[in-house]
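Dear colleague,

Please find below the structure I would like to hand over to you. After it I set out what was found in it.

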Amino acid sequence: MTVLHFQTSYGYDVVKIYADKAKSAPTDKRPEFQQMIQESSQGLFDVLFVHKLDRFSHDKYDSSSYKQRLKRNGIRLLSVTENLDGSPESIILESLLEGMAEYYSKNLAREVMKGMKENAFQCKNTGGIPPGL
């Protein structure tokens, strides 16, 4: 996530970058994410840019809760790749995108588990260090 603060000739200046490297958005247990939420009430920034909304959260309830908190703190959340303008159509599209992100995350977990079980049934290594090495 990138936090932007004030207008430039293009639009905004970056004042801070919050990046949870190698952390997944299905959970809110991300240190940089939590720091960003805490700092949103301190007036350090007024706009939060994400590449896509699914980078904010894969859980539609977490997403809604944290977006409401940002809104109370006067922070606008904007997606770089998804042009949502607050229109009635954008509201329904945003809800759809959040639902799809949660579906994708949970379906991927299910498919990975299915593949790991199949590998285990075939006595193949499912990851990690094989026993006896």
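Please note that this is a predicted model. I begin with a detail of one side chain: Arg55 is partly exposed, with a relative accessibility of 40%. The side chain of Arg55 meets that of Asp54 in a salt bridge, at 3.3 Å from N to O. Asp54 also forms a salt bridge with Lys52, where the closest N and O atoms are 4.0 Å apart. Lys52, at a relative accessible area of 31%, is likewise partly exposed.

The structure holds eight salt bridges. Another of them joins Lys106 to Glu102, with the closest N and O atoms 3.2 Å apart. Both residues lie in helix H3, four residues apart, which is about one turn of the helix. In an α-helix there are 3.6 residues a turn, so residues three or four places apart point the same way.

As to the overall architecture, the protein chain has three helices and four strands. Along the sequence they follow the pattern β-β-α-β-α-β-α. Of the 133 residues in the chain, 30% are buried. Among contacts with a separation of 6 or more, 60% are between residues 24 or more positions apart. The accessible surface of the chain comes to about 9100 Å², and 57% of that surface belongs to carbon and sulfur atoms.

Helix H2 deserves a separate paragraph. Helix H2 comprises the 13 residues 60-72, which at 1.5 Å a residue should span 18 Å; the end C-alpha atoms are 18 Å apart, in agreement with this. Its buried residues are Ser63, Tyr66, Lys67 and Leu70. These four cover an arc of only 105 degrees around the axis, and therefore lie on the same side of H2. The cover over them includes helix H1 (31-39), strand E3 (47-50), strand E4 (76-79) and helix H3 (88-121). On the face turned away from the buried side, H2 carries the exposed residues Tyr61 and Arg72.

The two ends of H2 may also be of interest to you. At its start, a side-chain oxygen of Asp59 reaches to within 2.9 Å of the backbone nitrogen of Tyr61. After the helix comes Gly74, whose phi is positive, near 80 degrees.

Yours sincerely

Note on methods:
Residues are numbered from 1 along each chain as its sequence is written. This is a predicted model: local features need pLDDT of at least 70, side-chain atom pairs count only at pLDDT 80 or more; totals for chains, interfaces and linings use all residues. Side-chain values use heavy atoms; hydrogens and water are left out. The expected span of a helix is 1.5 Å times one less than its number of residues. Buried means under 20% relative accessible area, exposed over 50%, partly exposed in between (1.4 Å probe, protein chains only). The arc is that of the directions from the helix axis to the C-beta atoms. Contact means heavy atoms within 4.5 Å. A polar contact is a pair of N or O atoms within 3.5 Å; within protein, one must be able to donate a hydrogen and the other to accept it, and residues adjacent in sequence count only if both atoms are side-chain atoms. Accessible areas come from the Shrake-Rupley method with a 1.4 Å probe; for residues, only the protein chains shown count as cover.
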